[in-house]
Amino acid sequence: EQQKTNDSDTKDIVPFPIQVQKNKTAQAELLPSKCERGKRKLDQEETNKGQPRAKQCRRSMSELMMLSDVKNVMAHVLAKLRSQENTRLIVFLGNTIRDLETDKRELVGVFGKTGAGKTSLINAVIKEKKLLPSGDVEACTSVMIKIEANTCNTKYEAHVEFITKEEWKDELWSISQFHSDTADQNNDYDDDYQDVAEKLSALYGEEWKQKSSEKLMDARYFSEIPEFLQSTTKILSCETAKELSAKMIKYTRTDSNQGGDKGIKRWYWPLVKCVTVKVPHNNFLQHVTLVDLPGNGDRNKSRDTMWKGIVGNCSTVWIVTEINRAAADRESWEILKSVSSRLGNAGECRHIHFICTKSDVIEDSPDHSADVQALILRRNTEAKAAVGKEINKLHKMKKHFSDECFQVFTVSSKEFLKRKVLSPENTEIPKLQEFLQNLNDCHSETLNYISRAQGILSLIEGARLTKA
């Protein structure tokens, strides 16, 4: 409707439709379908291996020239837009074109319930066993965490993005209303009230019970995080992964002891929208971002909105569950079904991986390591077959994805990081690392820019044709 209303906004933006037609053949060569993209790139690399270096360079120069041409076209379009009336469509197009300069990363969304081993899995895959805190049954990841390579320096960094002051004020107001409405009720058994109490107790201790929402916005409560009041990002920078892990825990984790043994007086996770962790010396996260997703339906609207936006942009989804109940774990399959509506043809997803963790955990295991390994490998085979049968039952999802999009992995993060029984290959962590490396290597800044630019040009051309 908006496009039809504002067709006239685009009628004078020329001559870029001619450029689209002119470069149509070249674009088609650079823009394979999303299901073919990775395979075609790998095929191209195999072809390039046998070619002289000069020929490979000429191909790279051809892509650079194409990228330069398209950028010039988009600069022309942006200049034309600036002369138009500032309607919603014109503003949207202008912002979208400016966003083209931000390279779109490959997102791998990691899903799974608390205790499934997500954090240990991520630590093992990125070969940083002390980076993300794990192993504490009393704590769980409470916010979205993104992990990517630090290409700027050799530090371990955490970029903490907060919700806005206005969003927290709204939440405090709703909390005060909720508190007054339930004052005469037995709150000990009210799940909603307990969720509210946990958030406020983490940030304010017990003071919140005697304070108004206005007083709870006093600056003294945020003295450690002036960035929250300033609406800026807080950056934690450390020399080691272990040091960064200790510093960022108060921004990422819910702890039922509210500090306890860790000596943390004030926890800030209720105010955090997202934490981006940047890891130095990493070759396969330069263009790839791992996204540890705590779950959907977060009562914090800002985080819930970001969660929904992230899912639709994931090129890969990892569903993580313990191996001993992988096929029967209803929650994992519900997670997969809940995200499926945001994947499929309308999304970016090309791979769905079901990852069965803790494959090394064998009850009543024999003393001989060779026998233990045999038991583990046999159960791995059985688990893959059982999960595969369940995947074949997902008829609605399989309408959107080919069989090649689904894979099952049986992993042991513990064995990979400290080998006792399994070889690294049998932990299957190297397979996931190889997948991420290929995903990273197949990423093309040129392809991403041109495909997104083509979408913008197609939108404007469609408006012109409708008007005509």
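Which residue, with a positive phi, follows H7? In this predicted model, the residue that follows H7 is Lys127, with phi near 60°. The sections below place this residue and helix H7 within the fold.

The protein chain comprises 19 helices and eleven strands. Of its 468 residues, 46% are buried. When contacts between residues at least 6 apart in sequence are considered, 79% of them join residues at least 24 apart.

Nine strands form an open sheet with mixed pairing, arranged in the order S5-S4-S7-S3-S8-S1-S9-S10-S11. Its edges are strand S5 (234–238) and strand S11 (406–410), each of which pairs on one side only. On average, and with direction ignored, neighbouring strands of this sheet are turned by 20° against each other.

Within this sheet, strand S3 (residues 144–149) is mostly covered, as six of its six residues are buried. On one side, S3 pairs with strand S7 (residues 272–279) in the parallel sense, through six bridges, and Met144 stands opposite Cys274 of S7. S3 also pairs with strand S8 (residues 288–292), here in the antiparallel sense and over three bridges. In this pairing, Val291 of S8 is the bridge partner of Lys146. In a regular strand, side chains alternate between the two faces of the sheet.

Elsewhere in the sheet, strand S1 (residues 106–111) and strand S9 (residues 314–322) run parallel and are joined by five bridges. The bridge partner of Val110 in S9 is Trp318. S10 and S11 likewise pair in the parallel sense, over five bridges, with His353 opposite Gln407 of S11. Edge strand S11 is mostly covered, four of its five residues being buried. Helix H14 (residues 369–392) lies across S10 and S11 and runs at about 150° to S11.

Helix H7 (residues 118–125) also packs on the sheet, where it touches S1, S3, S8, S9 and strand S10 (351–357). The direction of H7 makes about 160° with that of S8. H7 is mostly covered, with seven of its eight residues buried. These buried residues are Lys118, Thr119, Leu121, Ile122, Asn123, Ala124 and Val125.

Two packed helices are described by the angle between their axes and the distance between the axes. The axes of H7 and helix H18 (residues 429–442) come within 9 Å and cross at roughly 70°, so H7 is roughly perpendicular to H18. The crossing of the two helices is right-handed. On the H7 side, Leu121, Ala124 and Val125 take part in the contact, meeting Ile429, Leu432, Gln433 and Leu436 in H18. Classified by residue type, this contact of H7 with H18 has six nonpolar residues, one polar residue and no charged residues. Leu121, Ala124 and Val125 are also among the buried residues of H7.

Ile310 is found in H12 and counts as buried because its relative accessibility is 9%, under the 20% cut-off. Leaving aside neighbours within four places in sequence, Ile310 is in contact with Leu107, Met144, Lys146, Val291 and Leu293. Ile310 and Leu293 are 17 residues apart in sequence, and their C-alpha atoms are 9.3 Å apart in space.

Most residues other than glycine have a negative phi. Lys127, in the loop between H7 and strand S2 (139–141), has instead a positive phi near 60°, although Lys127 is a residue other than glycine. The relative accessible area of Lys127 is 55%, and this residue is therefore exposed. Ser231, which is not a glycine, likewise has a positive phi, of about 55°. The loop that holds Ser231 lies between helix H10 (226–230) and S5. With a relative accessible area of 53%, Ser231 is also exposed.

Note on methods: Residues are numbered from 1 along each chain as its sequence is written. This is a predicted model: local features need pLDDT of at least 70, side-chain atom pairs count only at pLDDT 80 or more; totals for chains, interfaces and linings use all residues. Side-chain values use heavy atoms; hydrogens and water are left out. Axes are lines fitted to C-alpha atoms, for helices over the stretch in contact, and angles run from 0 to 180 degrees between N-to-C directions. Angles under 35 degrees count as roughly parallel, over 145 as roughly antiparallel, 65 to 115 as roughly perpendicular and the rest as oblique. A crossing is left-handed if the near helix is turned anticlockwise from the far one by less than a right angle, and right-handed if clockwise. Contact means heavy atoms within 4.5 Å. Ala, Val, Leu, Ile, Met, Phe, Trp, Tyr, Cys and Pro count as nonpolar, Asp, Glu, Lys and Arg as charged, and the others, Gly among them, as polar. Buried means under 20% relative accessible area, exposed over 50%, partly exposed in between (1.4 Å probe, protein chains only). Two strands pair if DSSP finds at least two bridges between them.
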